[in-house]
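Subject: Structure handover and notes

Dear colleague,

Here is the structure we spoke of, for you to open alongside these notes. Please have the sequence to hand as you read.

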Amino acid sequence: MTASDRDTESEIDVSIILPVHNERGHLSDEIDRIRKAMDESDLSYEMIVVDDGSTDGSTEILQGMTGIRLIRFHTNHGSGYARRYGTRAARGRVVVWTDVDMSYPNDEIPRLVRELDGFDQVVGARSSEQGTSKFLRVPAKWFIRKLASILAATEIPDLNSGFRAFRRDVALQYLHLLPDGFSCVSTITLAFLSNGYSVKYVPIDYFPRAGDSKFHWLRDTRRYLLQVVRMTMLFNPLRVLMPVGLALGALGIAKTVYDVATKDFRIATNTLVILLAALGVTVVALLADLIVQISKDRDQVTPAAHTMNRLA
Ligand SMILES: Nc1nc2c(ncn2[C@@H]2O[C@H](COP(=O)(O)OP(=O)(O)O)[C@@H](O)[C@H]2O)c(=O)[nH]1
Ligand SMILES: [Mg+2]
């Protein structure tokens with residue numbers, strides 16, 4: 001994309017996507033504080049509110065509002081679906097995702113956008129967990145975050161923050177891979193990281209949410225875990241499968257040495273099974289990697305830091 005393409009394609013700086021499902025109590029406050037902060041900045045912006053079949057009167061409040069773009073579904077699809085839909089409708093060069101529940105410092109959106117300079121994505125990283133079902137969520141999230149850090153081969157201070165800004169042109173390449181549910185926000189970080197885009201973390205304050213959370217700890221945690229593994233398999237299968245193949249291989253070789261030394265050169269059947277399993281996993285890993293390499297898009301959008309010289 002050239003600089004002039006960019007000017008004609010995006011008329012505005014920032015599109016703020018606001019997924020809403022039954023947030024009547026604080027909807028106006030949230031939208032007002034975002035508007036105030038954005039009006040005080042020198043950024044041009046639009047707010048895209050995606051009302052996902054709310055039944056508590058949120059819809060009526062939104063319909064009475066001016067200065068927002070309202071997308072409304074009659075049935076509920078999930079916050080990830082809503083965020084994707086809103087992002088496709090967006091016109092901004094930068095897209096911001098956040099919650100509409102007073103939990104994120106939405107008045108700091110202009111700062112978040114400025115931090116994006118030279119990066120492809122900026123994530124507001126929380127230092128404390130304020131969510132519901134804390135005892136279950138904290139260890140589960142910690143485990144998944146560690147797993148994701150290993151798979152993405154980089155430290156991820158906050159994987160599932162709902163407060164982030166990213167380049168729309170980069171995100172459009174991966175939107176179709178993001179799930180309908182809550183793990184959508186984590187998945188977009190992994191999609192960027194796995195494809196060589198930069199993600200920066202800036203510390204933010206996090207407040208207890210107003211209204212009720214829609215997060216179901218078992219269902220959503222299971223999906224979240226699956227999504228982390230799936231995303232890595234999609235872009236970097238060697239990182240998931242190679243450790244398994246190598247571990248099985250090491251075990252098989254150790255067992256072979258043991259058999260040779262203690263069983264008079266008779267190799268046990270289970271030793272062979274382990275060695276064959278190692279071979280199977282390794283071959284699948286290499287094949288999966290081959291598929292990923294072959295199907296890579298040649299016209300991938302250039303990562304942020306590399307565009308600077310070109311545009312100068
Ligand atoms: N459009 C849409 N938004 C949703 C849905 N579920 C939650 N949200 C919104 O997504 C944001 C995050 O949801 P929340 O319940 O706070 O999740 P949590 O932050 O993970 O506890 C809020 O703005 C919700 O209104 C949904 O099914 N559809
Ligand atoms: Mg929330």
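Predicted model: local features only at pLDDT ≥ 70, side-chain atom pairs only at ≥ 80, totals over all residues.

Residues are numbered from 1 along each chain as its sequence is written, and chains are lettered from A and ligands numbered from 1 in the order in which they are written.

The protein chain is assigned domain 1 (3-234) and domain 2 (237-311), with bounds that come from an automatic or database domain assignment. The centres of the two domains, taken over C-alpha atoms, are 34 Å apart, and 15 residues of domain 1 are in contact with 9 residues of domain 2 (contact meaning C-beta atoms, placed from the backbone, within 7 Å). On the domain 1 side, helix 7 (168-172) and helix 9 (217-235) are the elements that give two or more residues, and helix 9 provides the largest share, 3 residues. Helices (H or I, at least four residues) and strands (E, at least two) are DSSP runs, numbered from the N terminus.

Around ligand 1 there are 20 residues, of which the closest are P19, H21, D52, S79 and A82; a residue counts as near if its C-beta atom, placed from the backbone, lies within 6 Å. Two or more residues of this shell come from each of strand 1 (12-20), strand 2 (45-52) and helix 4 (79-89).

Strand 5 (residues 121-126) has 5 of its 6 residues buried, so it is largely enclosed by the rest of the structure. Here buried means 20 or more other C-beta atoms within 10 Å of the residue's own, exposed means 12 or fewer, and partly exposed lies in between, with C-beta atoms placed from the backbone. Strand 5 runs antiparallel to strand 6 (residues 164-167), joined by 3 bridges, and parallel to strand 7 (residues 199-204), joined by 6 bridges; strands pair if DSSP finds at least two bridges between them. Q121 has F166 as its bridge partner in strand 6, and R126 stands opposite I204 in strand 7.

In helix 6 (residues 134-152) lies R137, which is partly exposed, with 18 other C-beta atoms within 10 Å. In helix 10, the buried residues include V240, L241 and G245, and the helix is followed by D264, whose phi is positive, near 60°.

With best wishes

Notes:
Contact = placed C-beta atoms within 7 Å.
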